[in-house]
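This report goes through selected helices, aromatic contacts, a pocket and several loop residues. Please keep the sequence and the model open beside the text.

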Amino acid sequence: MVDTTRELPLESEAALVRRAAPMERLVTVYGGSGFVGRHVVRALARLGWRVRVAVRRPDLAGHLQPLGAVGQIIPVQANLRYPASVLRAAEGAEVLINLVGVLHESGRQSFEAVHAFGAKQVALAAKDVGARLIHASAIGASADSDAFYARSKAAGEAAALETVPGAVVLRPSIVFGPEDDFFNRFAAMARLSPVLPLIGGGGTRFQPVFVGDVADAFAKAVDGQARPGTVYELGGPEVLTFKQLMELLLAEIDRKRLLVPMPSGLASFNARLLEMLPNPLLTRDQVRLLGYDNVVSEAAKAEGRTLEGLGIAPTALGAILPGYLWRYRKAGQFSRPEAA
């Protein structure tokens, strides 16, 4: 198993200063209670930062406190739709990290409100308090995309860099790890359904990145090891099609399922119905996203705007998936792989 809490291999001057004066410097992490957020909070705590976790429901963020020393991790209330709360959470912080994002719209949590307006508020707060800004986006963010998600992510990037020109933007591909929403979702579907759909034929390419590596990238950026005003693209060591990912998943959970190509038009029709659910398995906007490859660009590779450029060796899927997909295996095969 890979140690997701490993220390960063290189220490900057800023890191050495922190070790000399532990927990005297503060970073605010907006959206720090989510899947990626909890790993980022843990990585920062291990480096000696005091971490203020700004979330809509701080009473539900108690699970983060054991990740650091007593008093090191402090949940506070903030809602990106309310600028005053965003600014209060920023006061006294040296660095602000914006991890807030939604995969589908629900009520007032629209892409525009969260990814664009919210990102602007965090950037304005960073400017007001004189903090550095690190902004989480996604590979595929583009003002020209026909997917609302991708357009709103691009708007958030623009707001961050226009307001704080020295901001660092980190764009991961699909993030995998024990609590992820990708492999866990399809593994649960495969346990119940004899068929898995390959939307658009299953040829879209992805570059899944381990959540521990993403957390290390944020820690590096906080530590001053990322270039200011730069957009980094974070991908793992393997580029696989959607079909190949499903084949890998089925092999890992030892199940045989039909992989059936589903035209995008039919997928959109089904998604229209699924959108009526509180937590839909698929939306029309996600169908649009599946029409685009989700991989690190050649320009990012050439310019060192990658995990490797930050000094992080990407972790392979095979090193992590067995550690959490074992529970989806057939009855009688539920023992953890390391116990076999």
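Helix α2 covers residues 35-46, and its 12 residues should span 16 Å at 1.5 Å a residue, which agrees with the 18 Å between its end C-alpha atoms. The expected span of a helix is 1.5 Å times one less than its number of residues, and helices (H or I, at least four residues) and strands (E, at least two) are DSSP runs, numbered from the N terminus. Nine of the 12 residues of α2 are buried, so this helix is largely enclosed by the rest of the structure; buried means under 20% relative accessible area, exposed means over 50%, and partly exposed lies in between, with a 1.4 Å probe and protein chains only. The buried residues of α2 include F35, V36, G37 and H39, and V40, V41, A43, L44 and A45 are buried in α2 as well.

The model is a predicted one, in which local features need pLDDT of at least 70 and side-chain atom pairs count only at pLDDT 80 or more, whereas totals for chains, interfaces and linings use all residues. Residues are numbered from 1 along each chain as its sequence is written, and side-chain values use heavy atoms, with hydrogens and water left out.

Helix α7 (residues 211-222) also has 12 residues that should span 16 Å at 1.5 Å a residue, and the 17 Å between its end C-alpha atoms agrees with this. In α7, 12 of the 12 residues are buried, so the helix is largely enclosed by the rest of the structure; among them are the charged residues D213, D216 and K220, where Asp, Glu, Lys and Arg count as charged, Ala, Val, Leu, Ile, Met, Phe, Trp, Tyr, Cys and Pro as nonpolar, and the others, Gly among them, as polar. Just after α7, G224 takes a positive phi of about 85°.

## Aromatic contacts

How many aromatic pairs does a search of the whole structure find? The search finds nine, where rings of Phe, Tyr and Trp (its six-membered ring) pair if their centres lie within 6.5 Å, and planes under 30 degrees apart count as stacked, over 60 as edge-to-face and the rest as tilted. The rings of F182 and F242 form an edge-to-face pair, because their centres are 6.3 Å apart and their planes stand at 80°. This pair links distant parts of the chain, 60 residues apart, with F182 in the loop between β7 (175-176) and α6 (183-192) and F242 in helix α8 (residues 242-253). Both partners are buried, F182 with a relative accessible area of 13% and F242 with one of 3%.

Ring pairs link F176, F182, F183, F186, F206, F210 and F242 into a cluster. Of these, F206 lies in strand β9 (residues 205-206) and counts as buried at 6% relative accessibility; F206 and L192 are 14 residues apart in sequence, yet their C-alpha atoms are 25 Å apart in space.

## The second largest pocket

The second largest pocket has a volume of about 200 Å³, and of the 13 residues that line this pocket, the closest to its centre are E105, E275, T283, R284 and D285. On a 1 Å grid over the protein atoms alone, a pocket is an open set of points with protein on both sides within 12 Å along at least five of seven lines, where a 1.4 Å probe fits, and lining residues have an atom within 4 Å of a point. Grid points are joined across faces, edges and corners, and a volume is the space filled by probe spheres set on the points.

Helix α10 (residues 284-289) gives the most to the lining of this pocket, with three residues, and by class the lining has five nonpolar, three polar and five charged residues.

## Loop residues

In the loop between β5 (132-136) and α5 (148-163), A143 counts as exposed at 59% relative accessibility, whereas S145, which lies in that loop too, is buried with a relative accessible area of 7%. The C-alpha atoms of S145 and D285 are separated by 11 Å, although these residues are 140 residues apart along the chain.

D254 lies in the loop between α8 and β13 (258-262), and its phi is near 55°, a positive value in a residue other than glycine. At 35% relative accessibility, D254 counts as partly exposed.
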